[in-house]
Amino acid sequence: RIHQPSVACTSTVASPRASLHQVSTMAFFDAVFKSTDDFFKRSFSKDNVVEFSGKVDNGVKVTLKGGVTTNVIVDKSTKVETVSKTGTTTVAVEYKKGAVSLDKFEVASAGTVKADISLPNLVPNTKFTFKAEDGSSAKKSIKGVVGVETTQDVGAVVGVKADIDAVGGKGKFSLLLKHSGVLVGGAAAFSTPLGVQAAKDDGFAVAEYDALLGYTTGAATFGVQSGKKLSTVTGYVHAEVAPAVKVAGKASYSLAKSGPITASVGGSVKLDKDVTLYGAVSQAGVLQGAAAVAVGSNATLSLYAQVNALKIEEDGKHFFGTKLALRA
């Protein structure tokens, strides 16, 4: 079956007594908003890239990706937007068999090296993770994050995630309770003096804390989630309204200062087994469209376009992107 570069689909939560890889990621706080967020971030792109992936008989998957990425940078003081284009190349390797899973080992031409390793079956319903990143060559930070995620049945499905960066001393913790489709959760980010490069005099401090309330049927997820220490609130939905049709929407408002509500709505329709169309519009008049088309049995061509309808005559407001994904 041809894989379309679509969003993460919503799914029902499996029995919490199943192994962790069989439990839906909806069991965790950061996954509730993910299906909506993925639709707007992954369905559309300003980049022009080619990707080749292949898996050998022993289970090792290799992915080569290269092209030109487009970034829009907004100056915080002047609000002036600048567009930059950068040529990039990445090589990634995965091997997810056995007691130790190499979820990703990636080397990028930008000078970063990343490695994600997990132990998915050491304890039932629990996965231990280790993520390392060396960005020193690209003038970025070095990280070594140790984490754990677990789901337990205590009358409700409880999903807990926790991790800490052994280099910088920063950590995160989240909790999600799910019962009869109702979702209640909270998350926090903190800093400690425990990291190798952490400031020893700063002590322990809570940097972020937020909460969510939602509901999921499996085919649809609705939620309200705070951000930036309860200073913003976002409502969102992602739903499969028909076997070939999905819709998504989100709206955010700042509680800390008065301002307009930012909102986006969109959807996708699978015309047939080879063609999927995507579309979205924001309150700022930004229109986005995309099409993913299967080319033969081992390739998918994705075409993207973004137009600012309210600034149609301005340069740097409209973008086009492409992605050719080849599979061995």
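Aspartate 116 is buried but makes no salt bridge, and the nearest side chain of opposite charge, lysine 104, sits 4.5 Å away. Keep in mind that this is a predicted model.

**Aspartate 116**
- You'll find aspartate 116 in strand E5, which covers residues 113-123.
- Why does the pairing with lysine 104 not count as a salt bridge? The cut-off is a side-chain nitrogen within 4 Å of a carboxyl oxygen, and lysine 104 is 4.5 Å away.
- Once residues up to four places away in sequence are set aside, aspartate 116 touches Ser101, Leu102, Asp103, Lys104, Phe130 and Lys131.

**Aromatic pairs**
- Searching the whole structure turns up 4 aromatic pairs.
- One of them joins phenylalanine 39 and phenylalanine 40: the ring centres are 5.1 Å apart and the planes meet at 90°, so this pair is edge-to-face.
- Both phenylalanine 39 and phenylalanine 40 are buried.
- Phenylalanine 190 and phenylalanine 204 make a stacked pair, because their planes are at 25°, with ring centres 5.5 Å apart.
- Phenylalanine 190 belongs to strand E10 (residues 182-191), while phenylalanine 204 is in the loop between E10 and strand E11 (205-216), so the pair ties together parts 14 residues apart in sequence.
- Are these two partners buried or exposed? Phenylalanine 190 counts as buried at 19% relative accessibility, whereas phenylalanine 204 counts as exposed at 56%.
- Phe39, Phe40 and Phe44 form one aromatic cluster.

**Lysines over rings**
- Lysine 46 lies over the face of phenylalanine 319, 5.5 Å from the ring centre.
- Lysine 161 has its charged end over the ring of phenylalanine 28, at 5.1 Å from the centre.

- Helix H2 spans residues 34-42, and its buried residues include Ser35, Thr36, Asp37, Asp38, Phe39 and Phe40.
- What do the buried residues of H2 pack against? Their partners are helix H1 (29-32) and the strands E13 (232-242), E14 (245-254), E15 (262-270) and E16 (275-282).
- As background, nonpolar side chains in soluble globular proteins tend to be buried together.
- The largest nonpolar core here has 9 residues: Phe39, Phe40, Phe44, Ala248, Tyr278, Ala280, Ala290, Ala292 and Tyr304.
- H2, E16 and strand E17 (286-294) are the elements that give two or more residues to this core.
- Alanine 248 is in contact with Phe39, Phe40, Val237, His238, Ser264, Val265 and Gly266, leaving aside its neighbours within four places in sequence.
- Another core, of 7 residues, lies apart from the largest one, and Met26, Phe29, Val32 and Leu212 are among its members.

- Glycine 147 sits in strand E7 (residues 142-153) and counts as buried at 8% relative accessibility.
- Which residues does glycine 147 touch, not counting those up to four places away in sequence? Lys127, Phe128, Thr129, Ala162 and Asp163.
- Glycine 147 and alanine 162 are 15 residues apart along the chain, with their C-alpha atoms separated by 5.5 Å.
- Valine 123 is back in strand E5, and at 35% relative accessibility it counts as partly exposed.
- The C-alpha atoms of valine 123 and glycine 67 are separated by 41 Å, and these residues are 56 places apart along the chain.

Notes. Residues are numbered from 1 along each chain as its sequence is written. This is a predicted model: local features need pLDDT of at least 70, side-chain atom pairs count only at pLDDT 80 or more; totals for chains, interfaces and linings use all residues. Side-chain values use heavy atoms; hydrogens and water are left out. Helices (H or I, at least four residues) and strands (E, at least two) are DSSP runs, numbered from the N terminus. Buried means under 20% relative accessible area, exposed over 50%, partly exposed in between (1.4 Å probe, protein chains only). Lys and Arg count as positive and Asp and Glu as negative; His and the chain ends are not counted. Contact means heavy atoms within 4.5 Å. Rings of Phe, Tyr and Trp (its six-membered ring) pair if their centres lie within 6.5 Å; planes under 30 degrees apart count as stacked, over 60 as edge-to-face and the rest as tilted. A charge sits over a ring if NZ of Lys or CZ of Arg is within 6 Å of the ring centre and within 35 degrees of the ring normal. A nonpolar core is a set of buried Ala, Val, Leu, Ile, Met, Phe, Trp, Tyr and Cys residues joined through side-chain atoms within 4.5 Å.
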